[in-house]
Amino acid sequence: MKPLKVMYFSPVAGSHEHDEIFARMARDHKLPGTEVHIVSLPPGEGRFSHIEFRSYEAMVTRGILRAVRQAAREGFDAFAIGCFYDTALLDAREVSGDMAVTAPCVASCEIAASLANRFGVIVGRRKWVNQMEATVREHGHGHRLAGFHHVELGVTEFQADHAETERRLVEAGRKAVEEDYAEAVILGCTMEVGFYRDLEKRLGVPVIDPSIAALKRAEYAAILRRHCGWIPSRRWSCEAPPEDEIAHIGGFDEGDAFGRRIVVEAEDPAAHAA
């Protein structure tokens, strides 16, 4: 059977270290029959190491749309946008054809809602809260939101001092659980994939890593597409723009769609069974 194909797109300028973090995440968490491509922005889109600011998001949106269209042409079943802002999610869905598109915030909220009645969200900076809270509410989970807790660390600062980052995340998690009565916690940003397991032990509630959530939700959408024939709607608010108009406007498909790419292959079913 042909493997499921999922693309995890990080909307920043990739590096070996950055992309390998997500490749390891995919190797550790994907199903054996899933092929995952870890990709990032092409160099021509800018040297972004993060997109904490709305102006940065605006700049990378074109790159996300081009990547989505190219992934659909390459036959991917699902696509995950790797930013907790869910940058350009609804825009990307318009131009994704039959390919499902998800992102970390919506995926994390859906998973948290299946595990608990109320969840809290830990984020890096107070700057992020306004936009992220609006995103949670837009996705229909406002009544489940116990609250946001920020640790006053930017994306790049999470890696500067792991001990201090861990201390702040644990403190924020305890406040979410013990003061806001959160029954699950979502990490809006974290210092390393896998830290959620240690935090779960300390807090005693499910802790959702957003990159894993986005990958697994994309994989699930791919399964539903392949096994049930459920593909994204293109009616009414989900209507796609006309292809002839896209071609006339230009800019959607020209140039490189991807920068670095790491392919995490599907395993051989026979070898896996053995």
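Histidine 149 comes in at 13% relative accessibility, so it goes in the buried group. Keep in mind as you read on that this is a predicted model.

Histidine 149 is part of strand E6, which covers residues 145–150. Skipping its neighbours within four places in sequence, histidine 149 is in contact with Val121, Ile122 and Val123, and also with Ala172, Lys175, Ala176 and Asp180.

## The chain as a whole

Stepping back, the protein chain is built with 10 helices and nine strands. How does its radius of gyration sit against that of a compact globule? For 274 residues the rule gives a value near 19 Å, and the protein chain has 18 Å, so the two agree. Along the principal axes, the C-alpha atoms fill a box of roughly 55 × 50 × 40 Å.

Of those 274 residues, 49% count as buried. Take the contacts between residues at least 6 apart in sequence: 74% of them join residues at least 24 apart. The accessible surface comes to about 13100 Å², and carbon and sulfur atoms account for 51% of that. As for charge, there are 33 positive and 42 negative side chains, with the centres of the two sets 1 Å apart.

In soluble globular proteins, nonpolar side chains tend to be buried together. Here, the largest nonpolar core has 87 residues, and the members that touch the most others are Phe79 and Phe119. Helix H8 (residues 210–228) supplies the largest share of this core, with seven residues.

What does phenylalanine 79 pack against? Leaving out neighbours within four places in sequence, its contacts are Met7, Phe9, Ala67, Val68, Ala71, Met99, Ala100, Val101 and Thr102.

Leucine 199 is another buried residue, with a relative accessible area of 0%. You'll find leucine 199 in helix H7, residues 195–203. Beyond its neighbours within four places in sequence, leucine 199 is in contact with Leu169, Val170, Leu187 and Val207. Arginine 168 is 31 residues from leucine 199 along the chain, and their C-alpha atoms are separated by 11 Å.

Aspartate 86 and tyrosine 181 are worth a look as a pair. Aspartate 86 has a phi near 55°, which is a positive value in a residue other than glycine. Tyrosine 181 also has a positive phi without being glycine, with a value near 60°.

Where do they sit? Aspartate 86 is in the loop between strand E3 (78–81) and helix H3 (89–94), while tyrosine 181 is in the loop between helix H6 (162–178) and strand E7 (184–187). Buried or exposed? Aspartate 86 has a relative accessible area of 6%, so it is buried, whereas tyrosine 181 is exposed at 59%.

## Charged residues in loops

Arginine 234 lies in the loop that links H8 to helix H9 (243–249). Its relative accessibility is 24%, so arginine 234 counts as partly exposed. Not counting residues up to four places away in sequence, arginine 234 touches Arg93, Glu94, Ser96, Gly97, Met99, Glu239 and Ala240. One of these, Met99, is also on the contact list of phenylalanine 79. Histidine 162 is 72 residues from arginine 234 in sequence and 44 Å away in space, C-alpha to C-alpha.

Glutamate 74 is also partly exposed, with a relative accessible area of 28%. Glutamate 74 belongs to the loop between helix H2 (54–73) and E3. Setting aside residues up to four places away in sequence, glutamate 74 touches Lys5, Phe258 and Arg261.

Glutamate 265 is exposed, at 51% relative accessible area. It sits in the loop between strand E9 (261–264) and helix H10 (269–273). Which residues does glutamate 265 contact, leaving aside neighbours within four places in sequence? They are Lys30, Thr34 and Glu35. Arginine 144 is 121 residues from glutamate 265 along the chain, and 37 Å separates their C-alpha atoms.

Key:
Residues numbered from 1 in each chain as written. Predicted model: local features only at pLDDT ≥ 70, side-chain atom pairs only at ≥ 80, totals over all residues. Heavy atoms only, no water. Helix = DSSP H or I, 4+ residues; strand = E, 2+ residues; numbered from the N terminus. Buried < 20%, exposed > 50% of the residue type's maximum accessible area, 1.4 Å probe, protein only. Contact = heavy atoms within 4.5 Å. Rg over C-alpha atoms; globule rule 2.2 N^0.38 Å. Areas by Shrake-Rupley, 256 points an atom, 1.4 Å probe, with all protein chains shown as cover. Lys, Arg positive; Asp, Glu negative; His and termini not counted. Charge placed at Lys NZ, Arg CZ, Asp CG, Glu CD. Core = buried A, V, L, I, M, F, W, Y, C linked by side-chain atoms within 4.5 Å.
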